[in-house]
Number of protein chains: 2
Amino acid sequence: MQELRKNIITREWVIIAKDRGKRPDDFCKIQDKEPKSREEIIKSCPFCPGNEGMINDEILVLKDTNSANYAGWSIKAVQNKYPALLNNIEFKKSSEGIYYIFAGAGKHEVIIESPDHFTDIPFMPPEHVKNLISVYYQRYSALMTEKQLKHIVIFRNHGPSAGTSLLHPHSQLIATPVIPKEVFLDSEGSELYYEYEEACPYCKIIEFEDQSGDRIVCENDSFITINPFFSRFSYETWILPRRHNASFSQINLKETEDLSKILQETLLRLYNCLKDPSYNLTLHSIMAPEWQSKSYHWHFQIIPRLTTPAGFELGTGMYINTTAPEDAAKYLASAQ
Amino acid sequence: MQELRKNIITREWVIIAKDRGKRPDDFCKIQDKEPKSREEIIKSCPFCPGNEGMINDEILVLKDTNSANYAGWSIKAVQNKYPALLNNIEFKKSSEGIYYIFAGAGKHEVIIESPDHFTDIPFMPPEHVKNLISVYYQRYSALMTEKQLKHIVIFRNHGPSAGTSLLHPHSQLIATPVIPKEVFLDSEGSELYYEYEEACPYCKIIEFEDQSGDRIVCENDSFITINPFFSRFSYETWILPRRHNASFSQINLKETEDLSKILQETLLRLYNCLKDPSYNLTLHSIMAPEWQSKSYHWHFQIIPRLTTPAGFELGTGMYINTTAPEDAAKYLASAQ
């Protein structure tokens, strides 16, 4: 049974998903390689058309009546078959001696981005990527009204070094009954910045980067993609909306279209520059009632998985980045 | 040139080590495999005897006059040839527009644990491991008096998934001119706990785990090894001194001996249980003047690298652990 346990020192919560527990030997096994032929791949992939029996309940389906798409759907949100948090249990606190526990209640959804196993975001039709952003928006908005959820994160693991187990293009959504540590620190940090500087730090960054130009990868009317001045990882890349808003739930139609364009362009530049690197893409956004915050600013972060954080990083939370963000931006901006 | 850059939102510092910068293609190259024969390995390893010309200046050398050890030394601390922070530059702050920069001044040392390339800690003579702990102590104490250093971390990356580039048994020491994020959070969190509970949280954990017994891996007079109740990672393992002390610099002779024993036993149990897993070992300890803290408690953390943190973890700082700490402790305690 899943549960949340609290670190009594730092007050951070950890999800213990015991159901997925393994015996020690399971960690030593070499994983099966993806079968070789195109047909074998499709046959064994739970997200490919024809294998609907392998996946859990559908939550949302975008139909596609285009006769060339025999699947009949273009994007789907489904329940995760191996959820980190459970949909159907009571939100409740308990304790064990000096420790605190929260039932592992929450949401864990999978967004299957396309029936096509082999075409990733940079190469999807632009209209399709716009629909994907719209599905992100619909699921985010639907869950934002559930009172017992405190945070929603949408993320995408791409490639073997990014912790993905399935190669079919997909995103995930996890909604938690507590505020995760980094979200709390980002949100608290931006509030403090506002108190001192009378401005949202993200708005200040956008303004400064626009002037400087040294760390811009690409941009359009509504968004700017940069390698942040204080990047923790080589080629860490942020996509920021120019209009101040704390919550992704407040995105408008023009921004939805511009986001789909800049997401596709940013991922294509990473693909070309770094030869299809593994990466994690994560939505950073806060929910109601804080969505009216003047200091927080929703955005996407992309972390290419080019190097392995080691003892120093894990032990201190301080990162060593071997690529100057200015160099990363120069290479990405010139990689068409 | 190395520099520290501050995240203006979270106030965390990042080390940008541009000297080690790579072109995008460098991330795509497949790394050379370690040469096959024992002789070839020794010949190309900068830490093996005979290759002293490959490494930087020696800081400390434990001599060994045992005639069976032709190297003449048993443990060495040397300057890191590719330092994350520089030894010989001025501590100074600057800014770039809205951002703050600190010169990349600090220490980055390598502790070569033995002349023997092939024998890791679990299989070293017990006396040798005691000498290693003593070298840790000597380097920690020597740097603790340098006023401009704010934190010292000693760590050890073992195995291919732990971010190590050299297989010869070695540890590293990095001293930073700022307090790293996690160190600040741990120390602040333990202070708050003390304010509410009138006790060090680590002392409370040791007391509770001793009573419960559910998460003990092994123990001796001075130390206890547990899988913490709120483990973020599968088989996350902590070695805690029973005597309250905030700083490793206050270790006594009996504790040095007992630490060497429990470190060796803990690493042997991990080796046997998980078939020589990759792991990061990190010292958590604070420097003067805070070393008299009643709330912080020095210890070692071992993070086996069995799974890959993905978008959820990187985006939220919240971890999903698929092994209940109670199960991990049961397996480790029975793995002789």
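Figure 1. Of the 336 residues of chain A, 47% count as buried, a residue being buried if 20 or more other C-beta atoms, placed from the backbone, lie within 10 Å of its own. The radius of gyration of chain A, taken over C-alpha atoms, is 20 Å, which agrees with the value near 20 Å for a compact globule with 336 residues, the globule rule being 2.2 Å times the number of residues to the power 0.38. This is a predicted model, in which local features need pLDDT of at least 70 and side-chain atom pairs count only at pLDDT 80 or more, whereas totals for chains, interfaces and linings use all residues. Residues are numbered from 1 along each chain as its sequence is written, and chains are lettered from A in the order in which they are written.

**Figure 2. The interface between chain A and chain B**. In total, 78 residues of chain B are in contact with 78 residues of chain A, contact requiring C-beta atoms, placed from the backbone, within 7 Å. Helix α3 (residues 181–197) of chain B gives the largest share of the side that touches chain A, eight residues, helices being DSSP runs of H or I with at least four residues and strands runs of E with at least two.

**Figure 3. Strand pairing across the two chains**. Strand β15 (residues 319–321) of chain A pairs in the parallel sense with strand β2 (residues 13–17) of chain B over three bridges, where pairing requires that DSSP finds at least two bridges between the strands. Within this arrangement, N321(A) stands opposite I16(B) in β2(B).

Note on methods. A residue is buried if 20 or more other C-beta atoms lie within 10 Å of its own, exposed if 12 or fewer, and partly exposed in between; C-beta atoms are placed from the backbone. Two residues are in contact if their C-beta atoms, placed from the backbone, lie within 7 Å.
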